[in-house]
Amino acid sequence: MCIKTCRTQRQYFRKEEELTKEEYLLLVETAERTGRIRLKLLMQTLACTGIRVQELTSVTVEHVREGKLEISSFERGNSALLHSKAGSVLARTKYGVTDKEVLDAIRYHTTGRPGMTLLDKIVFVADYMEPGREEAPDLAEVRPLAFQDLDQALLRILSDTLVYLNGTGKKIDPMTQRTWEFYEKMVRHD
């Protein structure tokens, strides 16, 4: 379980109103122990996605039913991946973004996709190497590589992600695997 905090959120809340990791884990444990599984899942989703509670009204069950937010069976069990799709819905419904290329770049910035556009690649790579991230493997090598060869950087990030997920026993999103296979063939044959 990762707890992702967004620096932009901190400007809206005073420090004493933020939960510590220990407080968060206690809340999740209490929700599970008392049989409030939906509450537990909601807390985990909020912690993983960085969505503020007041933004939840922008992403509704109707969005899922109407196909505005398609959730795969894999994503149902891995809430950390939902923030990209929820983000694209928020961009469209709350902020009025209508450009399909921009919405797709937001949607696929965590898993990638075969045949990514230049914007998809830039957002994917930028998300991985953003300045606040220091724990990713080989980050010191990926950052300069992104400015030399974007496709090589993309493939390196995907490879490192798959190695990490396999090494920790976490499940791999099928889209991430397909994206790696696509770019492995494309980059290696250039």
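**Stop 1: Thr179**

Select Thr179 to begin: this residue is buried, with a relative accessible area of 0%. You are looking at a predicted model. Thr179 sits in helix H11, which spans residues 174-188.

Now show the side chain of Thr179. Which backbone oxygen lies 2.7 Å from one of its polar atoms? That oxygen belongs to Met175. Next, find Gly112. Its backbone oxygen lies 3.5 Å from a polar atom of the Thr179 side chain.

Then display the surroundings. Leaving out residues up to four places away in sequence, Thr179 touches Thr111, Gly112, Arg113, Pro114, Met116 and Leu158.

**Stop 2: Phe182 and Tyr183**

Select Phe182 and Tyr183 together. Their rings form an aromatic pair. Why is the pair called edge-to-face? The protein's count of aromatic pairs is one.

Is Tyr183 buried or exposed? Tyr183 is buried, at 1% relative accessibility. Phe182 is partly exposed, because its relative accessible area is 35% and that value falls between the 20% and 50% limits.

**Stop 3: helices H9 and H10**

Select residues 139-148 for H9 and residues 150-168 for H10. Look along both axes. They come within 6 Å and cross at roughly 150°.

Show the side chains where the two helices meet. From H9, pick Glu141, Val142, Leu145, Ala146 and Gln148. From H10, pick Leu150, Gln152, Ala153, Arg156, Ile157 and Asp160. Colour them by type. How many are nonpolar, polar and charged? The contact has six nonpolar, two polar and three charged residues.

**Stop 4: helix H7**

Move to residues 100-107, which make up helix H7. Four names to select here are Leu103, Asp104, Ala105 and Arg107, which are buried. Now go to the start of H7. A side-chain oxygen of Asp99 comes within 2.8 Å of the backbone nitrogen of Glu101.

**Stop 5: the whole protein**

Zoom out. How many helices and strands does the protein have? There are 11 helices and zero strands. Trace the elements from the N terminus and you read α-α-α-α-α-α-α-α-α-α-α.

Colour by burial. Of the 190 residues, 36% count as buried. Last, think about contacts between residues at least 6 apart in sequence. Of these, 49% join residues at least 24 apart.

Note on methods. Residues numbered from 1 in each chain as written. Predicted model: local features only at pLDDT ≥ 70, side-chain atom pairs only at ≥ 80, totals over all residues. Heavy atoms only, no water. Phe/Tyr/Trp six-rings, centres within 6.5 Å; stacked < 30°, edge-to-face > 60°. Buried < 20%, exposed > 50% of the residue type's maximum accessible area, 1.4 Å probe, protein only. Axes fitted to C-alpha atoms, helices over the stretch in contact; angles between N-to-C directions. Contact = heavy atoms within 4.5 Å. Nonpolar A, V, L, I, M, F, W, Y, C, P; charged D, E, K, R; others polar. Polar contact = N/O pair within 3.5 Å; in protein donor to acceptor, adjacent residues only side chain to side chain.
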